[in-house]
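Walk through this model with the sequence and coordinates side by side.

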Amino acid sequence: MSNRAERIAEDDYERKNDSSPVTGSFTDNSYVNKTRSNLKDQVPVQRDNDQFDDPIQPPYSNSNQQLEQDEDEAIDKSNVLRGNRLRHAKPQTSNQYSEGPEEDDLPAEA
């Protein structure tokens with residue numbers, strides 16, 4: 001794995017020596033299907049610069065605040081036991097916390 005200085009050097013090298021650099025505003029609409037009868041029932045491919053509804057709302061969608069809110073909404077607080085009701089419980093059976101008889105204590109097969 002490379003360290004930060006090596007990655008910076010590699011990026012600089014690529015920036016200076018790339019024979020066909022791609023700009024940040026590159027668009028290619030050649031893949032967009034023209035109206036063809038054999039693609040009639042398929043979802044059409046959008047052009048790169050077509051507008052679309054983005055469900056991500058930038059400052060809120062991927063924030064810790066939103067994740068905490070989602071978690072709070074998902075937890076049913078009526079099912080949560082309060083305090084330490086399960087800790088320090090006393091055994092309720094005569095054999096304490098026994099998991100049952102050992103293999104040697106089982107009756108022999110007939």
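Glu6, Glu10, Asp11, Glu14 and Asp18 form a negative surface patch. A patch takes residues with over 30% relative accessible area and no salt bridge, and joins like charges within 9 Å, or nonpolar side chains (Val, Leu, Ile, Met, Phe, Trp, Tyr) within 5 Å. Asp and Glu count as negative, Lys and Arg as positive; His and the chain ends are not counted. Each charge is placed at CG of Asp, CD of Glu, NZ of Lys or CZ of Arg.

This is a predicted model: local features need pLDDT of at least 70, side-chain atom pairs need pLDDT 80 or more, and totals for chains, interfaces and linings use all residues. Residues are numbered from 1 along each chain as its sequence is written, and side-chain values use heavy atoms, without hydrogens and water.

Glu6 sits in helix 1, residues 4-17. Its relative accessible area is 40%, so Glu6 is partly exposed. The classes are buried (under 20%), exposed (over 50%) and partly exposed in between, with a 1.4 Å probe and protein chains only.

Now look for opposite charges. Side chains of opposite charge can pair when their charged atoms come close. The count is 1 salt bridge, defined as a side-chain nitrogen of Lys or Arg within 4 Å of a carboxyl oxygen of Asp or Glu. The pair is Arg15 and Asp12, at 2.6 Å from N to O. Both residues lie in helix 1, 3 residues apart, about one turn of the helix. Arg15 is exposed at 61% relative accessible area. Asp12 is partly exposed at 30%.

Move on to the segment after helix 3 (64-74), where Asp76 is found. The side chain of Asp76 makes a polar contact with the side chain of Ser78 at 2.7 Å. Asp76 has a relative accessible area of 42%, so it is partly exposed.

Finally, step back to the chain. It has 3 helices and 0 strands. Of its 110 residues, 2% count as buried.

How values were computed: Helices (H or I, at least four residues) and strands (E, at least two) are DSSP runs, numbered from the N terminus. Accessible areas come from the Shrake-Rupley method with a 1.4 Å probe; for residues, only the protein chains shown count as cover. A polar contact is a pair of N or O atoms within 3.5 Å; within protein, one must be able to donate a hydrogen and the other to accept it, and residues adjacent in sequence count only if both atoms are side-chain atoms.
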